[in-house]
Amino acid sequence: MYIIWLVGRFSFIIDDKMAVELDEIDVRLLTALQADADCTNVELARLAGLSPAATLHRVRRLKESGVIRIISAQLDPAAAGFPLQVYVTAALSRHDPRSSRIFDDYLRAQPQIISADNVAGETDYMITAVARDVAELQEVLAGLSTRGGQRLVTYLRLAEVKPPARLPLAATIPAPDRPPRRRRRAPAR
């Protein structure tokens, strides 16, 4: 189900997908994965107080529900050979489905464009791009312009003030009641 907002000459379609209910164990797992996506299942199990099998089941459920979209490494663009990082705002010259599709397809196809969001406000898109040099950046900007981008405003990133942050998660349902685990005793000798 979608909600459609009409504002002036623009309509906005917003997916009203309900948020997944999370308990304290889910929050512990997600917090640990946000801090270190390379954390092993055994380490996650220890942090969550679950068996490795139960932990694996929980993480799979969180993936299937869409809460975890992807587990990936966060790279430093400059260290990886991309010293130029820019933010670009772009307004489209035309606001019809075909023009939007052409522009969106270009954004998705360009490896130098590392993120792009369609936004409401004075501009239509917020784009993050990386480049090895000014010539490569010019090619990206020219491509945006020839695909319908109008009023391109480019901001050069000087320094990172706050890295991408973890979501401030909180449980939405209580943790399931479960009996305490019993430890096996070593056989007497």
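In which helix is the place of glutamate 136? Glutamate 136 sits in helix α5; the legends below refer to a predicted model.

**Figure 1. Overview of the protein chain.** The secondary structure consists of 5 helices and 6 strands. Along the sequence these elements follow the pattern β-β-α-α-α-β-α-β-β-α-β. The chain has 189 residues, of which 27% count as buried. Among contacts with a separation of 6 or more, 66% are accounted for by residues 24 or more positions apart. The accessible surface is about 14200 Å², and carbon and sulfur atoms contribute 55% of this surface.

Figure 2. A polar atom of the glutamate 136 side chain lies 2.4 Å from the backbone nitrogen of arginine 132. Leaving aside residues up to four places away in sequence, glutamate 136 touches Phe82, Gln112 and Ala131.

**Figure 3. Helix α4, residues 97-109.** The end C-alpha atoms of α4 are 18 Å apart, which agrees with the 18 Å that its 13 residues should span at 1.5 Å a residue. Ser99, Phe103, Tyr106 and Leu107 are the buried residues shown in α4. They lie on the same side of the helix, because they cover an arc of only 100° around the axis. Pro97, Arg98, Arg108 and Ala109, on the other side of α4, are exposed.

**Figure 4. N-terminal end of α4 and the packing of the helix.** Aspartate 96 caps the N-terminal end of α4, with a side-chain oxygen 3.1 Å from the backbone nitrogen of arginine 98. The buried residues of α4 pack against the strands β3 (84-92), β4 (113-118), β5 (125-131) and β6 (149-156), and against the helix α5 (134-146).

**Figure 5. The largest nonpolar core, with 17 residues.** In soluble globular proteins, nonpolar side chains tend to be buried together. Within this core, the residues that touch the most other members are Val88, Phe103, Leu107, Ile113, Tyr125, Ile127 and Leu144. Two or more residues of the core come from each of β3, α4, β5 and α5. Strand β3 gives the most, with 5 residues.

Figure 6. Leucine 107 touches Ile113, Ala116, Tyr125, Ile127 and Leu144, not counting residues up to four places away in sequence.

Note on methods: Residues numbered from 1 in each chain as written. Predicted model: local features only at pLDDT ≥ 70, side-chain atom pairs only at ≥ 80, totals over all residues. Heavy atoms only, no water. Helix = DSSP H or I, 4+ residues; strand = E, 2+ residues; numbered from the N terminus. Buried < 20%, exposed > 50% of the residue type's maximum accessible area, 1.4 Å probe, protein only. Contact = heavy atoms within 4.5 Å. Areas by Shrake-Rupley, 256 points an atom, 1.4 Å probe, with all protein chains shown as cover. Expected span 1.5 Å × (residues − 1). Arc of directions from axis to C-beta. Polar contact = N/O pair within 3.5 Å; in protein donor to acceptor, adjacent residues only side chain to side chain. Core = buried A, V, L, I, M, F, W, Y, C linked by side-chain atoms within 4.5 Å.
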